[in-house]
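The entries follow in the order in which I looked.

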Amino acid sequence: CNGESIIDYQGYIYDLVEIGEQCWIKQNLRATAYNSGVELLTGLSNAEWYLLEGEGAFAAYGNNESNVSDYGLLYNGWTILSDQEICPAGWHVPTDQDMIELEIMAGMEEFVIYDSGWRGSTGEAGTSGPGYLLKSSSLWNSLWFGASGNGSDELGFSWVPAGLKRDDGSYSGIGTDGRFWVSPEPSNFAWVRNTTNGNDGIQRWQVDFNEYPNVGYPIRCLKD
């Protein structure tokens, strides 16, 4: 990261991590405004969240601010569909190709990189897939039979189980589900990523913004 180890953005200090030729902000984003200074909406009821059209919005998981320090904020799809940028100047929401480069560095086999669904899995509680190398070494729930859901965090990416906010405004998945946004390409869908406490692979699937513009996921930022 050109010798830099931290970045200050909207009053929060984030760590930086260099993985191959990529420089990532190591924590999920906490920004409450675009980098232009325009504020995002928040404090919405479930109905307001569901009906929102064309405006970026965020929430803390469970509307509980104590979750923000570990997991960051959850942003609706309109946030990344906007012409304005949510990441700091000189940074961006990762593209599908950015994620593929990261996954290859974490050991993803190239013949599956463009598949949809789970890729790189070695079975329940596996410990050799790319998801295991990227997941944080804490915060993930243990499995029903006692095996740890944590990763090795070998590459320093510290992928955390921040959960999600559904388009109806409800929450689920904290401790088990590590989804985050990938930049839309083309503008009507995004190849979102996910990993879970019970899987060492990485899931790649399309979110169609024509149907689900108000699901809420975390955001990670990558240096341009």
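Before anything else I wrote down that buried means under 20% relative accessible area, exposed over 50%, and partly exposed in between, with a 1.4 Å probe and protein chains only. I also noted that this is a predicted model, in which local features need pLDDT of at least 70 and side-chain atom pairs count only at pLDDT 80 or more, while totals for chains, interfaces and linings use all residues. Residues are numbered from 1 along each chain as its sequence is written, and side-chain values use heavy atoms, with hydrogens and water left out.

Entry one. I looked for disulfides, each being a pair of cysteine sulfur atoms within 2.5 Å, and found that the structure holds two. Counted along the chain, the bonded cysteines follow the pattern 1-2, 3-4.

Entry two. I looked up Cys1 and Cys23, which form a disulfide with their sulfur atoms 2.0 Å apart. This pair links distant parts of the chain, 22 residues apart, with Cys1 in the segment before strand S1 (6–9) and Cys23 in strand S3 (residues 22–25); helices (H or I, at least four residues) and strands (E, at least two) are DSSP runs, numbered from the N terminus. The torsion about their S-S bond is about 110 degrees, so the disulfide is right-handed. Both Cys1 and Cys23 are buried.

I then turned to Cys87 and Cys221, which are joined by a disulfide with an S to S distance of 2.1 Å. Is Cys221 buried or exposed? Cys221 counts as buried because its relative accessibility is 1%, and Cys87 is buried with a relative accessible area of 1%. The torsion about the S-S bond of Cys87 and Cys221 is about -90 degrees, so this disulfide is left-handed.
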